[in-house]
Amino acid sequence: MSTEFGVWVAALMTIGLFSFLYKDNPFFKVCEAVFIGSSTGYWAVVYFFDNLQKKLWEGIFPPDGAVGDAWLWGGAILGILMLCRLSNKIGWIARWPVSFIVGATAGLYMINYFVSSAMMQVASTMQSLVVTNGGGIDWQATIGSVVVAVAVVSGLIYFFFSKEHTGAFGGVAKVGIWFLMITFGASFGYTVMSRMSLLIGRMDYLFGDWLGMIR
Amino acid sequence: MPLYRRHLPCRFFTGLVVFFHFFLFLLLAGQAISQTAETPVSSAIDSLKLTDHTPLPPGSISAEDVPDDAGGAIDIIWEVSPDDVPNGKVRSYHIFRSVSLNGMPSEFTKIGEINAGSTTFRDGRAAEDVDNFYKVAAVNFENSNGTLLWEAMSSPALVGPVHATSQWFNTRRVNAFVGVVLLSAIIIFLINQAKSGKNLYIRKIAGLEAVDEAVGRATEMGKKILFIPGIQDMNDVQTIAGIAILGHVAELAAEYEAKLEVPVSKSLVMVTARETMKEAYARAGRSDAFHESQVVFITEDQFGYAAAVEGQIVREKPATIFYQGAFFAESLLLAEVGNAEGAIQIAGTGEPSQLPFFVAACDYTLIGEELFAASAYMSHEPRQLGSLKGQDVGKAVFLVAIVVGIVCATFGWIDLSHFFRVN
Amino acid sequence: MMGHYIALSLLAVLGLGMIFIFYLTVKGRTIERRFVFLYIVFTVSLPLFVKMKPPIQVSPEVQQVVETITSLSPGAKVLISCDFDPPSAPELQPMLVAFTKYALKHDLKLIFMGLWPLGPSQANRGLRLALADTIIAAKNLTYGVDYVNLGFQSGNEFVIQAMGGSFKSMFPQDDRRIPYDSIPLLNGVVNYRQIDLVMNFSAGKPGTIEWIQNAVDRYQVKLSAGNTAVQAPQVYPYLRAGQVRGLMGGMSGAAEFELALNEKGKASSFILSQMFSHLAVMLFVIVGNVAWLMTRKKK
Amino acid sequence: MRREIPLIITTIAGLVFAISYFIPHMPFGEAETIFGDWVTIVQAFAIWLGVLNLLRVTGEKIHRKRPGWTYAAIVIVTMVGTIAIGIYEGFAGMNATPPSSYRDAGTTFDWIFQYLYDPLSSTMFAMLAFYISSAAYRAFRARNLEATMLLIAAFFMMGGRVPLLDQLISPFTDTLVFSKLSSWIMNFPVAGGQRAIAIGIALGIMSSSLRVILGIERSHIGGGE
């Protein structure tokens, strides 16, 4: 069993949150409050030092006395306008920095997604279906590339809304939905894996780090 | 494992080399003295060192401005030194730069080093509009426990002057540019078409046909309908789509005289949902039946919201539950309880990670873009309709391109993928 | 060893428990949620006491990560972006630790950073573990020369994009507040051009897809990634297109990675628990569905 | 004015990031760098806005003695405490020789990370494991062909990605068939299906971004006309 005070605190907090699974109770609510408080505080400190202090303040007023970057003032002003949201009277002015972020994100995303997730994906789908391997046909890879091609084409057809799903077109769309279901099934399995890992991590902490029962 | 990491044999080896040198030195020095008195002893030592540790300089060297950039970068390219072979005398290359305004190089400063075997170095800090000269030298050295024992450098290869300039257009991205401009134009055109009242066709969507039945069932059973528009605010397109679908459901509910309730987790969503429902009830000619209390704000907290809605489902056992909007981990909790209470569940979200759970736990699910299509279909909102159509055009172009590209690649005619690959 | 046998026998009891649950459910008496919860607690915890090593097959995508890493020569500079926080640590921390150990043993130079506020703390933890390794401790590695932690910067994908111009603009100082220019390891490192590989450990957004969009497709960076299992399926199209070189997904990816690098760690010891928890979920689905089908037939 | 200025800001910011991808020359390349800096700064302020907002909301709750105000008090105490400790240690470390970080091992702030933040946040997410299992038992049904295919694929994943199914067939063969099969499913059908989804999403994002930049979509500045 651990003799460290911190480990005991951590273990009790863990059990406190888990107690919600039985039913809602004050112990859970205390732990939840500590969680909200400490996480918000932690984030605030990180953003304060790693951005506001290190980048903004020392960027404008370098500690070694060099000339600061005057452009950073623009960011500082937008940031302060953001804080105006706290007031009901001049809260509307916070729309300026929000518009800036929304606009910048839209500009970046428009290009990023179009290039990386559309153009590059289309380019990489345009491969020969027949994969050769030193003279002979590599059947495994060939079947694989046929499957990928069929999945992409039929999946796209399923998400095509300008034509009714009838006839051959509807048939392909049907194949598309099957591929989508296999895809979702895989992400289902992966999500189960992920969630279980988190629980394993907690259990390892309780039985290993705290109670010292494992190894 | 590389040679220099074996400390002990390494030292032994170095010792051997030094011993060997000492002998060679004695031999050669004796010869030098005997042959000609003019060659000083020290230079003999230097030349010895050079011949033994010092690598040969790199071969032909060139430098050029990096194309398609904002300036400030120059590529230096060289041929490897003849000694740059595995376990050879070259361990790295050092790169030096000199800036000059009069066309002649002045003092060189080291700007970087790169592992043996490399043939290019990109100077990312070159000043614009000045003459840059570069030198590259092959270097051999010996380390022991992190301290440099010795270092020997070849005579450098020189190149220059080169200029770093910035370009007006990134020529490698022409295809992306054409694509973005074309698609944008199509989308804008179609939005305008929709605005001017042109009827743009959208196919039937499976989940939507079940809405009538689901609302009717609630009326028959005399139970409630719950509509959950996700947990994001109005700035999320999924929430907007969800609210558009709510309008349609509310109209039906008003017609069938079913009781509809909407728990929300954002205050702005509450306001918008009330507006939408009021209009819908008015369209059905039943304005009197709508009460603002049908839309309830619960809490912003994700799990708090989930717990409250869960409680409501268990207590009231609604006949039908709609989930339309942006959902995260709470999707699982809600859909499970709704299923256990025997409600008909119709879900729709664009969150790929939550879709599997909705498909497995709900009766009908609108998958990703179907949610947006459904809302455009129902609301006939020109922005949504026009963009959806524009995206369809994009999809059609890509589809044709993919099929043609695959055929061409399979028969080995021409590689079309270059037109879509962007650097 | 006692614990091993007790745990094994209790697991057998759990198996019988599942049969009992099946019986009840088919009889139409669905068991309460809390019992399902309790069942899962036992299925996940008991295997932690069992000392059994199931055989693992290293998948091609993990193998690709390993090949990418092993092809680096000593002295190569690797940028490691820790884009995750404690909740995802059980999956990603083992990958980070295994990678750091391997890299330090093979004299790679490591530059840590984070796009998630908690990332740099995770990096410090991983480093602490790796530096405690006897082989690595004997090397007497120094901060700033062999490894450095740049800390966190806000701005998500904008940070990745701006780093294409200059690292210094986003990280004027490292985590210990040493100015960028006075860190020996970063001498000559302007932007991605001087980086041999970017390793990304990602639990969501910003993460691997953002690195692909902003670093790989814009600046031709070489990228390998470890992802939480939730994220991993979305990265496969990019893996196939060659935009990312290798992918480790979730705990099983971490265990395969540990096996391939021969750096046994947490993931390898968790894999048995993972197996049993999957088995439990699969059985629950079967039990639920069989009971459902039977009641539906009766109607 | 209250509507025009935000729209202009949105359009300029959007255009700079879109155009600089194609035109690296002055002024776009430079503007992109400057705007990138601004984004990071505004986001840091946004976090602090959240902190101040939380302070205000919880403060009001305590002041009015609303139900649950004691928990609100705990939130404030832990938050203010964490911030105070972090900032104090941060500045202390900055002036120390050699300089150290507030994040370094041994600081009180790191203690908070290790023994409060870490266990609490991890446990919050670990609870999803329970919910997923109970949903598996009570809600995930092979109710139609699509759901059946989904569950079958999920089975192969859950059983194949860990050596579970392979262990079951190990008395008959040692080839680890299911590991290979699950890997194959991921690398081919799933990669293809995800790619179709990715292309669809990309087009969707492209069109909504375009609407934002052109000012057709205005919900971020308060909707409507």
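This report describes selected features of chains B, C and D in a predicted model.

**Chain B: overall organisation**

Chain B contains eleven helices and 14 strands, and 49% of its 423 residues count as buried. Among the contacts of chain B with a separation of 6 or more, 68% are made by residues 24 or more positions apart. The chain is divided into domain 1 (51-162), domain 2 (171-196 + 386-420) and domain 3 (206-380), and the C-alpha centres of domain 2 of chain B and domain 3 of chain B are separated by 35 Å.

**The two sheets of chain B**

Strands of a sheet pair through backbone hydrogen bonds, in either the parallel or the antiparallel sense. An open sheet of chain B is built from six strands with parallel pairing, arranged in the order β11-β10-β9-β12-β13-β14. Its edges are taken by β11 (295-297) and β14 (364-367) of chain B, each of which has a single partner strand, so one side of each remains without a neighbour in the sheet. On average, and with direction ignored, neighbouring strands of this sheet are turned by 15° against each other. Within the sheet, strand β12 (residues 320-326) of chain B pairs with strand β13 (residues 344-349) of chain B through five bridges in the parallel sense, and B:Ile321 has B:Gln345 in β13(B) as its bridge partner.

Helix α4 (residues 206-221) of chain B lies across β9 (224-230), β12, β13 and β14 of chain B, and its direction makes an angle of about 145° with β13(B). Helix α10 (residues 369-379) of chain B lies across β12, β13 and β14 of chain B, and runs at about 95° to β14(B).

Another open sheet of chain B consists of three strands in the order β1-β2-β5, with antiparallel pairing. Here β1 (61-65) and β5 (120-123) of chain B stand at the edges with a single partner strand each, so one side of each has no neighbour in the sheet. From one strand to the next, the twist averages 20°. Between β1(B) and strand β2 (residues 74-78) of chain B, which run antiparallel, there are five bridges, and B:Ser62 is placed opposite B:Ile77 in β2(B).

**Chain C and its helix α1**

The average pLDDT of chain C is 92, and 99% of the residues score at least 70. Confidence in chain C is lowest in α1(C), where the mean is 88, and highest in strand β5 (residues 223-227) of chain C, where it is 97.

Helix α1 (residues 2-26) of chain C has 25 residues, which at 1.5 Å a residue should span 36 Å, and its end C-alpha atoms lie 37 Å apart, in agreement with that expectation. The buried residues of α1(C) are C:His4, C:Ala7, C:Leu11, C:Leu14, C:Met18, C:Ile21, C:Leu24 and C:Thr25. These buried residues pack against α2 (33-45) and α12 (266-298) of chain C, together with α4 (108-138) of chain D. Just after α1(C), C:Gly28 adopts a positive phi of about 95°.

**Backbone details in loops**

| Cis peptide bond | Omega |
|---|---|
| C:Lys205 to C:Pro206 | near -5° |
| D:Thr97 to D:Pro98 | about -5° |

C:Pro206 is located in the loop between β4 (197-202) and α9 (208-219) of chain C, while D:Pro98 is located in the loop between α3 (69-95) and α4 of chain D.

C:Arg177 has a positive phi of about 70° although it is not a glycine, and its place is in the loop between α8 (167-170) and β4 of chain C. Because its relative accessibility is 11%, C:Arg177 counts as buried. B:His380 is a residue other than glycine with a positive phi, near 55°, and it is found in the loop between α10 and α11 (382-410) of chain B. With a relative accessibility of 47%, B:His380 counts as partly exposed.

Conventions
Residues numbered from 1 in each chain as written. Chains lettered and ligands numbered in written order. Predicted model: local features only at pLDDT ≥ 70, side-chain atom pairs only at ≥ 80, totals over all residues. Heavy atoms only, no water. Helix = DSSP H or I, 4+ residues; strand = E, 2+ residues; numbered from the N terminus. Expected span 1.5 Å × (residues − 1). Buried < 20%, exposed > 50% of the residue type's maximum accessible area, 1.4 Å probe, protein only. Contact = heavy atoms within 4.5 Å. Pairing = 2+ DSSP bridges. Axes fitted to C-alpha atoms, helices over the stretch in contact; angles between N-to-C directions. pLDDT = per-residue confidence, 0-100. Domains from an automatic or database assignment.
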